[in-house]
Amino acid sequence: MRLLIVESPAKAKTINKYLGKDYIVAASYGHIRDLRAKNGSVKPDEEFSMVWEMSDRGEKCLRDISRQLKSCDELLLATDPDREGEAISWHLKEVLDASQKLKIPFRRIVFHEITKSALTEALAHPRDIDENLVDSYLARRALDYLVGFTLSPILWRKLPGSKSAGRVQSVALRIVVDRESEIEQFKTQEFWTVEGQFEAKGRKSFGAKLTHFQGKKLDKFAIANEQSAISIRDILDSQNFVVASVEKKIVKRNPAPPFITSTLQQEASRKLGFSAKKTMQLAQNLYEGVDVDGETQALITYMRTDSTNVSKDALDRVRSLIMDKYGQDFLPSQPRFYKTKVKNAQEAHEAIRPVDAGLTPEQLKGKINSDLFRLYDLVWKRSTASQMSSAEYNQVQADISDTETAKNIFRATGSTIHFEGFLKVYVEGRDEADQPEEAEGMLPPLSEGDVLGKNQLNALQHFTAPPPRFSEASLVKKLEELGIGRPSTYATILQVLRDRGYVKLENKFFVPEVRGRLVTSFLMNFFSKYLEYDFTARLEQLLDDISNGSNKKTAVLGDFWMNFCSCVNDTKSVTISDVIDRLNASLGAFLFPSDGQGGVDRLCPDCRKGELSLKLGKYGSFIGCSAYPECGYIKNLDAQSESSAKPLTSSMSEYPKFIGVDPNDQDKITIRSGPYGLYIQKDLTVQTPPPPAVAAEKPRGKSTAKAAKAGKAAAGTAFRRASIPKSMDPEKIDLDTALWLLSLPKMLGNHDGDEVKVGIGRFGPYILFRKKYVSIKNVDDIMSITLADALGIMAKAEQRPAGGTGRRPRYKKT
């Protein structure tokens, strides 16, 4: 009897049906032990020895395995064929050896798909545990532990409110934060193009863009403004045009390789909207086996891989399918072989593909869970398309010149599919940043010398756009390009960033939270080396070198730890004040308003004396005034809100915005943001003589707050405020408009002995007469309204029939 151990019950169930009565298949439920979650679990002074801790489930699993071993002659460790799987087998052997319960031979077997043939091949070629792969696992665990348990406490002490830092997660966070800063600092540039609609034979219209004007080639920004564009358009408008040249060619497009872990995550995000975590969970189910017509069946190969290799048997099967299903034209003469782009890929693995290419998605429809089906459909189509013929396009480029000088040239391009090839099955998705600027359509038949009709020339305005934020797909792609982390860890990295509150997903794009910005800025100021992309990628390479035997675990860990400790020691004397000063400088553009000259304005908008600065607390970060407690200005960064008394719930970072001073009394006027929207505030300087000095008992309880409030009013500041209507653009509010809003409600005059007033309320502009309100359509109307206008509006409102379709006036009692 042979005992075969795998990770999960689902995998055990699928394998069990292929093995006979001479095998017992059991599950370890993943790792049976892990590093103890306490300081001192990795000991650098003892050659980085580790303290492991058994989980409760691990203890139960070990008891079950020990019991089953008594009736077996051999132990087979058949965990996954990657570094993590090798580690699970190693842990099992180490624990069994230590307990002296492993008294029978053991062997390690690996396979990349759960089929009878794959299992038979694996059982015929057992091996020992790969110590290099285990050392690579141990080095990664040690590094992640040492960085996390050393760096996180520093963050907690020096940057209150922070959660944790990690060797790879912090670099991934930096990528997101850097992109957001790039977007915020992006300066939009205007440019123009001149485009024409021309008419070919048969009155067939097509578009073309001006590429040369008066013999000069136009680059993207050659036409900088509307005046230049219109001038060029008007010059060309009187010209006649002819086809100067036509270039036609067949362009081939090759299929994408079969999926590896990272590309599966990217494509599932683009096409199916799945998170990386969900994709890996579904892929695990498809690999381990799902119920199909009452039978457990493994549908895809192992899903944690960075190799694009495909076995010969699988190639033969998919090529046979292509011939039968699509025909000879869709099958290339030779199989396609792909070279992986991932650094130090484990080429012994296989790409992610269907276990049986002959099992088409149509055969599974309605038989398995919807999400499982969609992912299988994606894997099947990508795998099949990767072995199909190239697609072919008819590409046409036509240059159109004026007949007078031939120096003004428009260019038209178009393409059509000549042969579908792999596109019949699958089209690879693209990220926003990779999308072509314009989709090319089909051009009408054109020949050199054809005289063209000219329907219209247009001067079109354009603006450059900042780079897009990262989606899950594009962030995984970026991590892979930089060589940061391993494909099998990407899903966990992205989830940790969200769980820590460092980033959030908005419309499927990552946006850094304030906490994430602060943590990144702190680490870049005090641990910049460990957030460098190149350093992290080089460290990944060193860890991979351990797995292939070209480097030693203790050497890599020793070099890293020596330098890291030196950097940690340098922060011991750093105070929170030092941290705040660094963050004020490095995050100035984010924390403080612009001074309009490329710098920041840190003068407190309330007291106009103190300096604004970042403040850190366990409940969040905010901007405060250095004149506290005399000045109570606060801007809540976490809610992007501000108040002169307490944090509000919503705001925009550019407010308060200084408008000017009232020429009558020199009081300051600003636009501010509050919980109900934007408003105008006028600071009123109250000149109140001090009260006579009399002896009085110190107030107690609630009277203390009243006394303080009364004292503040006597000493200095009061406010007058007016809401800004939603229909009014705050960017266009000048001093005159602000003063007019502050003057509301305003009396227009008297009618029949009673006042007629205009104002703005919660339902918009209104006229008030004899305690009745009549709505006005828009704000602009009341800015120029006269007494006669107001009386006319009220008369029309009274005449409107109650049962008619017209809108009745809104009345409100005072």
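In this predicted model, Arg203 counts as exposed, since its relative accessibility is 66% and the category begins over 50%. The side chain of Arg203 meets that of Glu199 in a salt bridge, with an N to O distance of 3.7 Å. Side chains of opposite charge can pair when their charged atoms come close. The count of salt bridges comes to 44.

A further salt bridge joins Arg486 and Asp306, whose closest N and O atoms are 2.7 Å apart. Arg486 lies in the loop between α13 (472-482) and α14 (490-499), and Asp306 in the loop between β14 (295-297) and α10, so the pair ties together parts that are 180 residues apart in sequence. Arg486 is buried, with a relative accessible area of 6%, and Asp306 is likewise buried, at 3%. Both residues belong to a network of salt bridges that also links Arg140, Asp144, Arg167, Glu540 and Asp544.

Glu113 and Arg353 form another salt bridge through their side chains, at 2.5 Å from N to O. Because Glu113 is placed in the loop between β8 (106-108) and α4 (116-124), and Arg353 in the loop between α10 (312-326) and α11 (361-364), this pair ties together parts that are 240 residues apart in sequence. Glu113 and Arg353 are both buried.

The largest nonpolar core contains 157 residues, of which Leu4, Leu75, Phe111 and Phe527 touch the most other members. Helix α5 (residues 131-158) gives the most to this core, contributing twelve residues. Beyond its neighbours within four places in sequence, Phe527 is in contact with Leu151, Ile154, Phe522, Phe564, Cys567, Val568 and Thr571.

The buried residues of α2 are Gly58, Cys61, Leu62, Ile65, Ser66 and Leu69. Viewed down the helix axis, the buried residues of α2 fall within an arc of 135°, and they therefore line one face of the helix. The face turned away from this buried side carries the exposed residues Asp56, Arg57 and Arg63. The cover over the buried residues of α2 includes the strands β1 (2-6), β2 (23-27), β6 (52-54) and β7 (74-77), together with helix α3 (83-98).

Key
Residues are numbered from 1 along each chain as its sequence is written. This is a predicted model: local features need pLDDT of at least 70, side-chain atom pairs count only at pLDDT 80 or more; totals for chains, interfaces and linings use all residues. Side-chain values use heavy atoms; hydrogens and water are left out. A nonpolar core is a set of buried Ala, Val, Leu, Ile, Met, Phe, Trp, Tyr and Cys residues joined through side-chain atoms within 4.5 Å. Buried means under 20% relative accessible area, exposed over 50%, partly exposed in between (1.4 Å probe, protein chains only). Helices (H or I, at least four residues) and strands (E, at least two) are DSSP runs, numbered from the N terminus. Contact means heavy atoms within 4.5 Å. The arc is that of the directions from the helix axis to the C-beta atoms. A salt bridge is a side-chain nitrogen of Lys or Arg within 4 Å of a carboxyl oxygen of Asp or Glu.
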